[in-house]
Amino acid sequence: MPYKFTPLEPIQYHEFDFKRFIEDTIHNSVLQQITFVEEWKACWLYVLLEEDKYVKKCIKMRPDTNPLLEKINDNPQLWGMENEIFVYEMNSLHGDTFLFHFDVNKMKNFTLTYRLNKITLSPSEFFLDDSTTYIPSKANDNRLPFFARMFGIPQPFIVADGNKRIMAKMQSGEKRFTGYEFTPKLVAHSFFSHLEYLFYKLIEEMNTLATMVINNVPSDLMKRYSFVFRQSKGNV
């Protein structure tokens, strides 16, 4: 986890071994069959480590704040409003944990700005935060939860907002849940930092390239698709 923070606590830096994460994922998947995999790995490591250096620099310059407080300071109208964060812990094969900090208020604005699809899922199709507190009265809260597409985990979605509502409704016997579908494009822009955006793009790309390998897509088309190669050419 390159960093972690809560609404009331300053940001703290923690090492995350990006190199080992990428190498372990390649070794344990069909990605090892990609002809340009070493070049691809080197490009991603460069992009991630450069952004990681920037995060370290920012924390050193402003150790007593965090991205949410910075956002509020830049937007005074947010003072006094409820500013929510959802933190998702993604555990890697080698034991490190990467923390995704979701800006729930930004996601709420997405529901007002875009015409999001509504999807109905069973509990086996989404990750429900296992630290969720059971609050019986939440069973009567009919606001739609936010289902965010995620990669590298058993379930295709995580619940970025609405964990308590779903928990309460599950305890009441409900087995299917309708909510807003946050596609990868929107999820990538739901975080507080560019480093989280990049790491999400990495795991999304790993998933897509693996599918391409399985479907025998030619290497040149796979390389043309790659976010990190397109970024290096200034096409992103």
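1. Start with N163. A polar atom of the N163 side chain lies 2.9 Å from the backbone oxygen of V159. Keep in mind that this is a predicted model.

2. Now place the residue. N163 is found in helix 5, which covers residues 163-171. Is N163 buried or exposed? N163 has a relative accessible area of 8%. Buried means under 20%, so N163 is buried.

3. Look at what surrounds N163. Leaving out residues up to four places away in sequence, N163 touches F86, F127, L128, D129 and T132.

4. Next, a pair of helices. Two packed helices are described by the angle between their axes and the distance between the axes. Helix 1 spans residues 18-27, and helix 7 spans residues 194-214. Their axes come within 12 Å and cross at roughly 10°. Angles under 35 degrees count as roughly parallel, so helix 1 is roughly parallel to helix 7. The crossing of helix 1 past helix 7 is right-handed.

5. Which residues make the contact between helix 1 and helix 7? Helix 1 supplies F18, F21, I22 and T25. Helix 7 supplies L195, F199, L202, I203 and M206. By class, this contact has 8 nonpolar residues and 1 polar residue. It has no charged residues.

How values were computed
Residues numbered from 1 in each chain as written. Predicted model: local features only at pLDDT ≥ 70, side-chain atom pairs only at ≥ 80, totals over all residues. Heavy atoms only, no water. Axes fitted to C-alpha atoms, helices over the stretch in contact; angles between N-to-C directions. Helix = DSSP H or I, 4+ residues; strand = E, 2+ residues; numbered from the N terminus. Parallel < 35°, antiparallel > 145°, perpendicular 65-115°, else oblique. Left-handed = near helix turned anticlockwise from the far one by under 90°. Contact = heavy atoms within 4.5 Å. Nonpolar A, V, L, I, M, F, W, Y, C, P; charged D, E, K, R; others polar. Buried < 20%, exposed > 50% of the residue type's maximum accessible area, 1.4 Å probe, protein only. Polar contact = N/O pair within 3.5 Å; in protein donor to acceptor, adjacent residues only side chain to side chain.
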